[in-house]
Amino acid sequence: MKLRLAGALLVTAALFATGAMAQEKKQLAFVVNGASDFWKLAEAGVKKAQAELPNYDLSLKYPEQAAAAVQQRLMEDLVAGGVSAIMVSAVDPKSSTDSLNKIGSQVPLFTTDSDAPDTNRIAYIGSSNTEAGKQAGEIALKALPDGGKCIGFVGLPGADNARERIEGMKSVLAGSKVELIDVRGDDIDMTRAKRNVEDALAANPDIDCMVGFYSYNPPRIYEVLKESGKLGQVTVVAFDEDPITLGGVKEGSIAGTVVQDPFEWGYQGMKLMASYLEGDKSVIPENKLIIVPTKMIDKGNVDAFEAELKSRISGG
């Protein structure tokens with residue numbers, strides 16, 4: 001009887017120890033701005049970081065809707081559930097300062113993709129959206145040597161990433177014969193994104209150029225131009241690496257695309273938060289900005305870039 005009791009106590013102790021170890025794992029969350037295939041690369045980056053951070057539980061979370069209030073509720077739920085740090089692509093940082101500060105007062109808050117510099121966030125890791133916009137402007141200037149008028153399409157006009165890309169592009173086009181005459185938002189609604197392109201084309205049948213500022217915008221532009229028989233007649237400038245976008249670059253119907261590196265945001269961002277939680281404040285630069293460079297993809301380098309993408313997603 002004593003042996004049985006001792007054995008039971010040992011099993012109980014072992015189970016308790018295992019449970020305690022599991023509870024000791026800190027949770028790190030990456031909260032995106034809406035559902036989009038763009039974030040698959042970030043998921044792959046988070047997965048790589050998880051393999052190197054066995055004492056943490058890492059996750060990438062999608063809000064049910066691309067709305068600041070919905071994103072805020074998701075972060076509040078994460079905090080209530082015991083998350084140790086959050087990295088977020090803020091849907092609308094300009095109108096969400098107080099809400100983001102509330103999260104940042106409870107757990108270390110980092111931003112990515114769309115910064116919120118007026119909040120108490122610890123640091124931003126991601127692209128320089130202004131520089132990315134400038135690269136889009138360079139693509140447009142090269143593709144339209146005789147000039148032309150462009151219409152842009154974007155998900156969240158109030159987000160810093162959208163505003164900075166647009167401003168960056170306009171700064172390069174200033175004084176040239178190429179002009180960005182309008183930008184239409186869609187709140188990351190795929191149906192509305194396509195309808196925006198259809199409406200813009202109907203209202204401007206002689207438009208020279210269309211610019212897709214979010215990852216899903218260029219594919220919607222591609223679809224509408226193909227359906228209307230104008231693919232190849234209207235210059236398309238893109239952002240990001242949707243398969244349709246890369247296919248358009250290959251065939252020459254898309255002049256080029258500016259690509260970011262969400263894989264590194266996921267990978268480096270998780271490791272950054274873990275280091276910060278472990279007391280290493282040296283990982284935070286003085287300006288609180290960690291810039292992951294963007295690059296231009298055209299016909300000359302699209303195949304090599306696509307091969308790199310496939311390798312990353314597959315874990316190669």
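Student: Which helix gives the largest share of the lining of the second largest pocket?
Tutor: This is a predicted model. Its second largest pocket has a volume of about 190 Å³. Helix H5 (129-143) and strand E12 (295-297) each supply at least two residues of the lining. The largest share, four residues, comes from H5.

Student: How do the residues of that lining divide by type?
Tutor: The lining residues include Glu-138, Lys-142 and Asp-298 as well as Ile-139, Met-296 and Ile-297. For the second largest pocket, the division is five nonpolar, one polar and three charged.

Student: Which element gives the most to the lining of the largest pocket?
Tutor: About 370 Å³ of space lies in that pocket. Helix H2 (40-52), H9 and helix H11 (302-314) each supply at least two lining residues. With four residues, the element that gives the most is H11.

Student: Why are H8 and H9 described as oblique to each other?
Tutor: Helix H8 (residues 217-227) and helix H9 (residues 243-251) pack with their axes 8 Å apart, at an angle of about 60°. Roughly parallel needs an angle under 35 degrees, and roughly perpendicular starts at 65. The pair is therefore oblique.

Student: Which residues of H9 make the contact with H8?
Tutor: H8 brings Pro-218, Pro-219, Arg-220, Tyr-222 and Glu-223. The contact residues divide into four nonpolar, two polar and three charged. On the H9 side they are Ile-244, Thr-245, Gly-248 and Glu-251.

Terms used: Residues numbered from 1 in each chain as written. Predicted model: local features only at pLDDT ≥ 70, side-chain atom pairs only at ≥ 80, totals over all residues. Heavy atoms only, no water. Axes fitted to C-alpha atoms, helices over the stretch in contact; angles between N-to-C directions. Parallel < 35°, antiparallel > 145°, perpendicular 65-115°, else oblique. Contact = heavy atoms within 4.5 Å. Nonpolar A, V, L, I, M, F, W, Y, C, P; charged D, E, K, R; others polar. 1 Å grid on protein atoms, 1.4 Å probe; cavity = no way out; pocket = protein on both sides within 12 Å on 5 of 7 lines; lining within 4 Å. Points joined across faces, edges and corners; volume = space filled by probe spheres on them.
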